[in-house]
Amino acid sequence: MRQDHLVTSKQLSRADVEAVLDRAAEIDADPGAVADRHAGSLLGLLFFEPSTRTKMSFEAAIKRLGGDTVDMGAVDASSVTKGESLADTVRVAAGYADALVLRHPRQGAATMAGEFVNVPLINAGDGAGHHPSQTLLDLYTIQENAGLDDLTIGIMGDLKYGRTVHSLSYALTNFEADQHFISPESLQLPREVVYDLHLEGATVREHEGYEAILPSLDVLYVTRIQRERFPDENEYQQVAGEYRIDADALEAAEDDLTVMHPLPRVDEIAPDVDDTDHAAYFEQAHNGVPVRMALLDMLLGDGDE
Amino acid sequence: MRQDHLVTSKQLSRADVEAVLDRAAEIDADPGAVADRHAGSLLGLLFFEPSTRTKMSFEAAIKRLGGDTVDMGAVDASSVTKGESLADTVRVAAGYADALVLRHPRQGAATMAGEFVNVPLINAGDGAGHHPSQTLLDLYTIQENAGLDDLTIGIMGDLKYGRTVHSLSYALTNFEADQHFISPESLQLPREVVYDLHLEGATVREHEGYEAILPSLDVLYVTRIQRERFPDENEYQQVAGEYRIDADALEAAEDDLTVMHPLPRVDEIAPDVDDTDHAAYFEQAHNGVPVRMALLDMLLGDGDE
Amino acid sequence: MRQDHLVTSKQLSRADVEAVLDRAAEIDADPGAVADRHAGSLLGLLFFEPSTRTKMSFEAAIKRLGGDTVDMGAVDASSVTKGESLADTVRVAAGYADALVLRHPRQGAATMAGEFVNVPLINAGDGAGHHPSQTLLDLYTIQENAGLDDLTIGIMGDLKYGRTVHSLSYALTNFEADQHFISPESLQLPREVVYDLHLEGATVREHEGYEAILPSLDVLYVTRIQRERFPDENEYQQVAGEYRIDADALEAAEDDLTVMHPLPRVDEIAPDVDDTDHAAYFEQAHNGVPVRMALLDMLLGDGDE
């Protein structure tokens, strides 16, 4: 595989992360300086699953760099319905674009696809696998709000299935963050993730409620608990209620606690949090643009102009 | 709400309308002069309902100004299927674009959405509510073909449910047009709309057939009568037949009568009208581009370049 | 109809084909020279049927020329579901764009549509009808790999329903190619196509297997045999197996045999062919970009800048 595919956040060293975050900060401070930098470049969008935020922010990112997109469109409107293999689809698309973004429901899809193309490929989510550009924008948001040094972070909600959470946790081991995982027992971090985090030297602490740990957190990262994980609606309602945050609950937190969420939220965070200084989740979504601009700028290099 | 959202045609004064129409005429006369005027600007397209004309003409408009789009895509391919609120979706999208266009099936959606975003938002239709850019292109087409002064207009078809018709009627009160409403009794203008028009000083005359009034009209604005409004197919066929226009029927009209239709038509206007000098409905659709260019140009201002 | 619609490959003389292929070769050699050539031009995409390759490569082509697209989107998300006629849809779209690309499931759709629009229209497939830009990229690929003079070509698979095959065969009569058609009897070339080819002076030879003719071929053009053509699954499996190509089978061919396929493939060509020098099908798909750039450049002319 090419060095310049971005498939998993595990492949990123601390120096790699810092390079992207520094470039994103530069771009954020002066977007006009790069407005024509990749004029003529085409980014191929291959989304085999619905997405709003990720797709729109990659689209905005390449266009803010002066480039444009070539979009496969919705899956049912494409030849994959005729039985074409993913390997064939990406090989064809690689001839239409200077870089590719792939979202696919199957874990490992991006790794496999990367072996068949000779343009940079960014994994924008492969099932329960990885979504490294999400991790980079999460890290950028943490850096802008709380700093990445001496960080104490709580990660709450569905920790079992959430690829966002796993990617972020791995990446945070680079920064020696103090990581607290808050979830019902049935949605705990998978044991192999805990094991991997330990291997990386991380301290992992698990909690069933947020009350005890909330006052010591710099960042609280909330994720959605999905109804479909529970056979029983009542059980879901009860569990979801225990991991819901509102302005009242945040009275117990430090004034400068940063609350994040990868969105979409349903009602894990009450609307009354939106107007507090804690809320950073919309800023977090918006950070997708400068962070993906930085990524694309680094992957496309100078050669395409 | 920001002053620069465009949610309803009711918010437009005569001077506002004239400013947009004058700018559209300027652009129409020399589109090359604005071809790069908004280079780098991104228009977010949030269409929660199908649309061909409106979406394509906004897309053409921003691109003819040198800008580009960021498109949420079809609704079922977006996170709204995960239960995200409209308020969250527009807040996120506002971080990706310099202005937003929203179409939504729920009346009042644009007003609500406008309260959450700090970029200009254009309502491109909210259920039975408003669709002000359609009204502006209708007014532009009337001005180009018949003039807006001393206008006698007939508005025919489904006057009960048609948001296009209501918006246009309100806007025409600014120009003291003589308005005639032609429909079956069951699809008459809602009483509250008639009342509002009277409050604005309009003279409203209602008719059940077009024959008597046709010879005195400058403009005949035809809308579609939808099959689903009638419980009985035979009743629909009979009613629809009485409000159908063909070249023969137009023999009774003035030579310079202008026939308009917001499209799509089914068979309210026979194809044999297309080749007469009366037909202005394709021109009307095409006017969506210069009118929306004028609107976007005014909303985006100079600051974005 | 305007001279500058491209509806069928039958309308292309040998000189027309050579003009497109020469221009495509020029563009392929120096794409930077045309990177801004059609800045400001908009290409309308009207796809009433799913397509990946064709749509993405037209999108890439206009953008590589500095232009942009206006996209009707997926069919179910458009006003065609409200019963609008194709004639109305294309007339409206012609006001939004400088040229149109139309794919439609109904044979003859492009011919009809062309009568209603005053911008160049390219037929990108009309049911079992024509798809001339596919033929041009096929010819370009043949020229680049085997040359169009003294060509011996085998065309294999579903020859009855494949519009790609019919278009290519007609076009090849301009170059006096030796054409061999290989298929099960039930999927033979329609008799009227054979008759037309004879009228054009072509020598047509039909085969039920590829073994005897393979060693004398310069090009083997493989198409997909569709499951749905066979009432019985076992019969399909047996027939499909006989027209499947793998690296072993190609041992009997000349070293410089070029294997082509319009894609998507299912398993007519085994993956082990992909890494041989015979495989030209991905290159063929990629050639869609320079060939469509050449086409668009010729249709848009100089006037649009």
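# Loops and a helix in a predicted model

User: Between which elements of chain A is the loop in which Pro264(A) lies?

Analyst: This is a predicted model, where local features need pLDDT of at least 70, side-chain atom pairs count only at pLDDT 80 or more, and totals for chains, interfaces and linings use all residues; side-chain values use heavy atoms, without hydrogens or water. Residues are numbered from 1 along each chain as its sequence is written, while chains are lettered from A and ligands numbered from 1 in the order in which they are written. Helices (H or I, at least four residues) and strands (E, at least two) are DSSP runs, numbered from the N terminus. The loop with Pro264(A) lies between β9 (258-260) and α9 (281-286).

User: What is omega for the peptide bond between Leu263(A) and Pro264(A)?

Analyst: Most peptide bonds are trans. The bond joining Leu263(A) and Pro264(A) is cis, with omega about -5°.

User: Is Leu263(A) buried or exposed?

Analyst: Leu263(A) is in the loop between β9 and α9 of chain A, and its phi is positive, near 60°, although the residue is not glycine. Buried means under 20% relative accessible area and exposed over 50%, with partly exposed in between (1.4 Å probe, protein chains only). At a relative accessible area of 8%, Leu263(A) is buried.

User: Which exposed residues does α7(C) carry on the face turned away from its buried side?

Analyst: Helix α7 (residues 191-199) of chain C has Val193(C), Val194(C) and Leu197(C) buried. These cover an arc of only 100° around the axis (taken from the directions from the helix axis to the C-beta atoms), so they lie on the same side of α7(C). The face turned away from that side carries Glu192(C), Tyr195(C) and Leu199(C).
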